[in-house]
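Here is a short tour of one protein model, written for someone who likes to look at side chains.

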Amino acid sequence: MERYSILPHMETVFDREARRMPAPAEGREAVLVWQREARAKLWELLSLNRFEACAPNPVRLSSETRNGYRVERMEMETEPNVRMPFYVLIPDGASPSDRRAAFIVPHGHGGASERTIAPDGERDVMALSLVKRGYLVFAPDARGSGDRREFMDAGDDRKKSCSHGPLNNLAIALGYSVCGMEVWDLMRLADYALSRPDADGRLGAGGFSGGGQQTLFFAACDERVAFAEVGGWFYGFKESLLLLPHNCACNFVPNLWRFFDCGDLGALIAPRPLFIESGENDHLNGNVGRIQNVYSQVAIARNAYAALDAEKKLRHSVHEGGHEWRALDFYDFLSQSFPATI
């Protein structure tokens, strides 16, 4: 039976209409002006000005002592009647007056904060590595994931399933997106994290896969993020999303591609330190050009860093593996750029 795909047509539409607000390739003032205008446009695309702020009303649900750190299970309100569970990881020996950098670690697609802090060797190990290096770590459940799944996905496998498909359907119909919801929640978690007496006012963020996606958008939108790490989610939108449209619904934001590509989001973070990790054989790099599809986007961001005299604040680490987090060079770059204490 013949297949009547419209993907070739959508490629043509993409080529004709995409990236109407590209980051300048050079010029300090040009980049700074573009950043102001592009950040405002990104806020508009994510509908961040339409969310309803409220008091966080944080509640501690439980506390557990582990080897080298303490884990506190908490929840807070990010919009009226919208509760977000999250974990706080506190290094051993830290007191309320012992101030240190806060670091938010969003989990990956289909994951949960429980997976992010699991001590049993699962792939999302960044949170544990950070708290053991002295950071005050925050690991939230994203909307539609973990304990925030909707009824149609509320099975026993709470670490892997998610409700991003149906959640993005209803969000789009109301002019929102799951991605915008995730960014809003991270911004509200940042409010709480920075208000704590044991935080020193500095904020980092980082994650792998969907956690890298959340971090990229969060850091692009919120200049309080002083250090960002994006693992396994930095590639051209055409090759990795338009040609692979079966990827998670949280990747898709109405009208985003008409204005920006992934490298432009990275350019919005300049000159703040940005660490990007890619796998040469990551299937999410797409089938066209593979790692070249990553390099082309990193180059866009790198031009912005160069224009702002911050070339050394962008580090791109590439390993020979697939969709996995290896942290090659990461902790050296982190300690130089964003130490746990100052």
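Where is the place of Met10? Met10 sits in helix H1, which covers residues 7-17. Helices here are DSSP runs of H or I with at least four residues, strands are runs of E with at least two, and both are numbered from the N terminus.

## Before you start

This is a predicted model, in which local features need pLDDT of at least 70 and side-chain atom pairs count only at pLDDT 80 or more, while totals for chains, interfaces and linings use all residues. Residues are numbered from 1 along each chain as its sequence is written, and side-chain values use heavy atoms, with hydrogens and water left out.

Met10 is partly exposed, at a relative accessible area of 32%. On this scale, buried means under 20% relative accessible area, exposed means over 50%, and partly exposed lies in between (1.4 Å probe, protein chains only). Together with Ile6 and Leu7, Met10 forms a nonpolar patch on the surface, and the three share about 240 Å² of accessible area. Patches are built from residues with over 30% relative accessible area and no salt bridge; like charges are joined within 9 Å, and nonpolar side chains (Val, Leu, Ile, Met, Phe, Trp, Tyr) within 5 Å. The areas come from the Shrake-Rupley method with a 1.4 Å probe, and for residues only the protein chains shown count as cover.

The largest pocket has a volume of about 310 Å³. Of its 15 lining residues, the closest to the centre are Met10, Phe14, Leu242, Trp257 and Arg258. Which helix gives the most to this lining? H1 does, with 4 residues, and H1, H8 and H9 each supply at least two. By type, the lining divides into 12 nonpolar, 1 polar and 2 charged residues. Here Ala, Val, Leu, Ile, Met, Phe, Trp, Tyr, Cys and Pro count as nonpolar, Asp, Glu, Lys and Arg as charged, and the others, Gly among them, as polar.

## Enclosed space

Rolling a probe the size of a water molecule over the atoms shows where empty space is left. The search uses a 1 Å grid over the protein atoms alone: a cavity is a set of points where a 1.4 Å probe fits but cannot get out, a pocket is an open set with protein on both sides within 12 Å along at least five of seven lines, and lining residues have an atom within 4 Å of a point. Grid points are joined across faces, edges and corners, and a volume is the space filled by probe spheres set on the points.

Across the whole structure, 2 cavities of 30 Å³ or more turn up. The second largest cavity holds about 30 Å³ of space, and its lining includes Met84, Arg148, Glu182 and Asp185. Helix H6 (residues 178-195) provides the largest share of that lining, 3 residues. The lining divides into 4 nonpolar, 1 polar and 4 charged residues.

## Salt bridges

Side chains of opposite charge can pair when their charged atoms come close. The structure holds 23 salt bridges, each defined as a side-chain nitrogen of Lys or Arg within 4 Å of a carboxyl oxygen of Asp or Glu. In one of them, Arg143 pairs with Glu79, the closest N and O atoms being 2.9 Å apart. Arg143 lies in the loop between strand S5 (136-140) and helix H5 (164-173) and Glu79 in strand S2 (residues 69-79), so this pair ties together parts that are 64 residues apart in sequence. Are these two partners buried or exposed? Arg143 is buried at 9%, and Glu79 is buried at 13%.

## Backbone details in the loops

A cis peptide bond joins Ala270 and Pro271, with omega about 5°. Pro271 lies in the loop between helix H10 (262-269) and strand S8 (274-279).

Asn255 has a positive phi of about 70° although it is not a glycine. Asn255 is in the loop between helix H8 (237-242) and helix H9 (256-259), and is partly exposed at 42%.
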